[in-house]
Amino acid sequence: MFKKLAVIALSLLLITNISLMANASEIKLENNESTMSIDTIRKELEPYQEVIDKINAEYGSSIGISEENLEKVYNNVINMSLSDFENNVRTHYLEALNFQKQSQNKVQSQKIVQSQEDTAFEGREKGLKPKTGLQSIRETISQTAEVGNATIWMDSVVFSPYGYAGTYIYSQIIDYGSMYSTVHNYFSATSATHSLSSDKKTCTVALKGKLMSPEGYDLLVSQNVTVYFFAN
């Protein structure tokens, strides 16, 4: 009986050791993948960079791989053949040029009311007279506009002395920014400013950034987008 127990205990010990060795091997592999040096990644991407250089020379473009996205690009393209990668870059770049043309047009927005508050009439001090049966309204709203697979958003407070369309003005700009999906080419904003028209009915948000491919390389490294939000 003692011998049987000893054999069972030894077997369990061997199984445990084998399991630990397997787990240690897996951990080592994961650590090797996550700690691949930037220099190694850059070296692996050299053939792909040569493809980019070739396309840049042909189009006069400035497609590139930024330092912060080296690992992302590596993970997304390393299994592509060079010919597939070339087709990928050409396709995305031509799409980017179409975006560049569209972004020069005025981009309007849609409005979502977050909260609404009836207020005492505030227009009288400016000599405005509310129509009979109408009351002033102050609203906190969110507005969005779609630009290059990115959503440009702005939160604000608008006010109307009458409460009907066409009489609203911006009384406060709370915040604004951009969100994007990485499924297609997308606009990534790096900075943004806003300005109000003299009548406070229009808020212009000017964004600077770049257009990027879903794989993570830069397509248009200096891109300006202007969005016009209307108080309505």
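Begin by selecting strand S2 (residues 137-147), which is mostly covered, since 8 of its 11 residues are buried; buried here means under 20% relative accessible area, exposed means over 50%, and partly exposed lies in between, with a 1.4 Å probe and protein chains only. Strands (E, at least two residues) and helices (H or I, at least four) are DSSP runs, numbered from the N terminus.

This is a predicted model, in which local features need pLDDT of at least 70 and side-chain atom pairs count only at pLDDT 80 or more, while totals for chains, interfaces and linings use all residues. Residues are numbered from 1 along each chain as its sequence is written, and side-chain values use heavy atoms, with hydrogens and water left out.

From Gln-143, move to Phe-229, which is 86 residues apart from Gln-143 in sequence but 7.3 Å from it in space, C-alpha to C-alpha. Phe-229 lies in strand S7 (residues 218-230), and Phe-229 is buried, with a relative accessible area of 0%.

**Helix H3 and the residues after it**

Next select helix H3 (residues 46-59), which contains Asn-56, a buried residue with a relative accessible area of 13%. Show the side chains of Asn-56 and Ser-61, which are joined by a polar contact of 2.6 Å; such a contact is a pair of N or O atoms within 3.5 Å, and within protein one must be able to donate a hydrogen and the other to accept it, with residues adjacent in sequence counting only if both atoms are side-chain atoms. Once neighbours within four places in sequence are left aside, Asn-56 is in contact (heavy atoms within 4.5 Å) with Ser-61, Ser-62 and Ile-63.

**Aromatic rings**

Now display the aromatic side chains, among which the structure holds 4 aromatic pairs; rings of Phe, Tyr and Trp (its six-membered ring) pair if their centres lie within 6.5 Å, and planes under 30 degrees apart count as stacked, over 60 as edge-to-face and the rest as tilted. Tyr-59 and Tyr-93 form a tilted pair, 5.3 Å centre to centre with 35° between the planes. Because Tyr-59 lies in helix H3 and Tyr-93 in helix H5 (residues 82-102), this pair ties together parts that are 34 residues apart in sequence. Tyr-59 is partly exposed at 32% relative accessible area, whereas Tyr-93 is buried at 7%. Tyr-162 and Tyr-164 form a stacked pair, 5.5 Å centre to centre with 15° between the planes; Tyr-162 counts as buried at 13% relative accessibility, and Tyr-164 as partly exposed at 28%. Finally, select Tyr-48, Phe-85 and Tyr-217, which ring pairs link into a cluster.

**Positive phi values**

Centre the view on Lys-200, in the loop between strand S5 (186-196) and strand S6 (202-212), where phi is near 65°, a positive value in a residue other than glycine. Asn-232, in the segment after S7, also has a positive phi of about 65° although it is not a glycine.

**Confidence**

To finish, colour by pLDDT, the predictor's confidence in each residue, from 0 to 100. The chain averages 78, and 70% of the residues score at least 70. Among its elements, helix H1 (residues 2-34) has the lowest mean pLDDT (40) and H3 the highest (97). For residues 2-34, where pLDDT stays under 50, the model has 0 contacts beyond four places in sequence.
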